[in-house]
Structure formats: structure tokens, C-alpha cells
Amino acid sequence: MNALELINIGSNKLKMNSIKSFILDSEILLSKVLNKKREEVLVDLYQKIENNKILEFLEYIDRRASNEPIAYIIKQKEFWSKIFEVSNKTLIPRPETELMLEKLIRIYKKKTIRILDIGTGSGCILISLLSELKSSKGIGIDISSGALQIAKKNAKNMNVYENIKFQKKSLDSFFSQKFDLVVSNPPYIKSRDLKNLEDDIKLHEPKIALDGGNDGLDLIKKVIYKAKEILKANGRLALEINNEQVLQVSKILEKNNFRVEHIVNDYKDKIRSLISVLIK
Ligand SMILES: C[S@@+](CC[C@H](N)C(=O)[O-])C[C@H]1O[C@@H](n2cnc3c(N)ncnc32)[C@H](O)[C@@H]1O
């Protein structure tokens, strides 16, 4: 069988299982099996594929047909133009998060700062920040050992390991030092809305990365209280939230002496992150 025939078999199966990006996904999965870039596969569609590769490809297609995200199958996701390893213990980094990073890098360019990343997951936020702010240092915390293992690997692969510490701890633990910047993309979905998420997310991404409690604000509030305690005067808190939480979160920020300084919109022009300064 050749590559074209396999891509067609795969995409037909994905289409039958209502996977929207059925052709692209089939192409990506075949590229993964052949250990080649997608473009390389597409310019050589009549290459014969060995039997063991065909079986491997069909297994991947079955996994995708049951809504497992491509990133988990191929164990990687591009973020900030870097390839991050991911697993089903980490949230898959989202492109919206890059918009918050862009803003932060503009603010802190050429400065040396101490950063705390609360709920670091794959480490994508902190690692990307430190890859740009070369003389800065950071700590990433998470309660998931599985996520922290992946974050450490990513930091090593991206040559920022010396400037990073990853710690298994909850955000309500004690911190012995102060920070210039606290960043967090905390779980912020209301518990009762989890069942309405797309199958890719609902069935495969870690619940502790998504579940924000009854009103979705449990973790967000804790991040704000903790940031107030551990930020230096005029330090900043960068928080990714859901657009519908903007008013409530802004009020909680104000009550806790934060002044919202930058509002970052996502690609659909909805507010996605708030960057605020702690007035002490
Ligand atoms: C939405 S994910 C964000 C992951 C990553 N920062 C990103 O943007 O892709 C939230 C992360 O918070 C972690 N988390 C949940 N509860 C926590 C807690 N109490 N303390 C620290 N981390 C927590 C989860 O394990 C998960 O990795």
C-alpha cells in the first residue's frame, strides 16, 4: 500500500467518526509513523509503506477516531515556535496563551526578574518566558507529578533547565521568596460545565487541569490571594481566564490591591488574560 492510499483510508475512518480535521490528522499521523515532516510525505505520496508501519498507522487512526487529541498521540505540541513534549498528564498548550506571553516579553525585555508559574503543566509558559528573558529565573509548581516530569524534560530540551526549578506543591503552600512576576493559567471551568466540553478535551485532558470548582473561580481566587502575598511591590500577576469571568475577576483583583494594567484579547477578540500590578 502507498502513502496516498493510507491517508485516504485513515481520513475516511476519521470522517466517519466525526473528526473535523480528518484529512490533516490522517496526514500528520502518517508523518509521525514515517518519522518525516508532513510536507515530505505529501511530495512522495506513491512511496510504498512497510507492513509494520501500516499497522502502527492504523492504531493511531483508531486512537484519533476515539477523540484522543493528535498532540497526545504524537506526544508533542508546537508552542512559541518550539516543540513541547506533552502527555495525558499535561494540558495541551493553547495558542491563546502565547498572546499573554508576547505582552509579558515586551514588558520585561532586557530585565532580570524572578518568576513563579502556578500550575505549570508542560512548563510551556515559564520555559518560553525564560528562553526570551535569558538572565531571569523561575519556579514552576504543580500538584501533578506526571506534568512536572514532562515540564523538566522540556526545560532540559530547551536549554533553560539551569534557570528553572520545578516543585511539586500546591499553590496554597508556603513560599520563602518573593517574585517580580506570577503567571498562571489555572483550571477555570465550572465543574458543571465540564460535561459540555468537546470530547477531545472532556475524555482525554486531565480533569485537575480544567476543573475550577462550582463557579470556576476557586483556583483563580487562590492564585490572586497567593500572588498578593508573594509579589514584590509593583510586581505583576498575569492570569489567563475565561472571557465570561472578566468582570468578577477584575473585582477580586481590585479588592486585593491589584490594578489591571493590560487586557489581552484572543484570536476571537475575546478577553483572555489580565496583567495587573500589585500596589503596595
Ligand atoms: C490549565 S492547566 C495549565 C497548564 C500550563 N500552564 C498551560 O498553560 O498549558 C492548569 C494546571 O494547574 C495544575 N493545578 C491544579 N490545581 C493546582 C494547585 N492547587 N496547585 C498547583 N497547581 C495546580 C494542574 O495540574 C494543571 O497542570
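Trainee: What should I know about the model and its numbering?
Mentor: The model is predicted: local features need pLDDT of at least 70, side-chain atom pairs count only at pLDDT 80 or more, and totals for chains, interfaces and linings use all residues. Residues are numbered from 1 along each chain as its sequence is written.

Trainee: How many residues surround the ligand?
Mentor: The count is 23, and the closest are G119, G121, S144, N185 and A209. A residue is near if its C-beta atom, placed from the backbone, lies within 6 Å of the molecule.

Trainee: What classes make up that shell?
Mentor: It has 14 nonpolar, eight polar and one charged residues. Ala, Val, Leu, Ile, Met, Phe, Trp, Tyr, Cys and Pro count as nonpolar; Asp, Glu, Lys and Arg as charged; the others, Gly among them, as polar.

Trainee: Which helix and strand each supply at least two residues of the shell?
Mentor: Helix 7 (124–132) and strand 4 (137–142). Helices (H or I, at least four residues) and strands (E, at least two) are DSSP runs, numbered from the N terminus.

Trainee: Helix 7, then. How many of its residues are buried?
Mentor: Seven of its nine. They are C124, I125, L126, I127, S128, L129 and L130. Buried takes 20 or more other C-beta atoms within 10 Å of a residue's own, exposed 12 or fewer, and partly exposed is in between, with C-beta atoms placed from the backbone.

Trainee: New topic. Where is K110?
Mentor: In the loop between helix 6 (95–108) and strand 3 (114–118). K110 has a positive phi of about 65°, although it is not a glycine. K110 is exposed, with 7 other C-beta atoms within 10 Å.

Trainee: And N159, buried or exposed?
Mentor: Exposed, with 11 other C-beta atoms within 10 Å. Phi of N159 is positive too, near 55°. N159 lies in the loop between helix 8 (145–157) and strand 5 (164–168).

Trainee: Last one. How do helix 2 and helix 4 cross?
Mentor: The axes of helix 2 (residues 22–34) and helix 4 (residues 51–65) come within 9 Å and cross at roughly 140°. Axes are lines fitted to C-alpha atoms over the stretch in contact, and angles run from 0 to 180 degrees between N-to-C directions.

Trainee: Which residues make the contact?
Mentor: D25, S26, L29, L30, K32, V33 and L34 of helix 2, with K53, E56, F57, Y60, I61 and R64 of helix 4. Contact is C-beta atoms, placed from the backbone, within 7 Å. These residues divide into seven nonpolar, one polar and five charged.

Notes. Contact = placed C-beta atoms within 7 Å.
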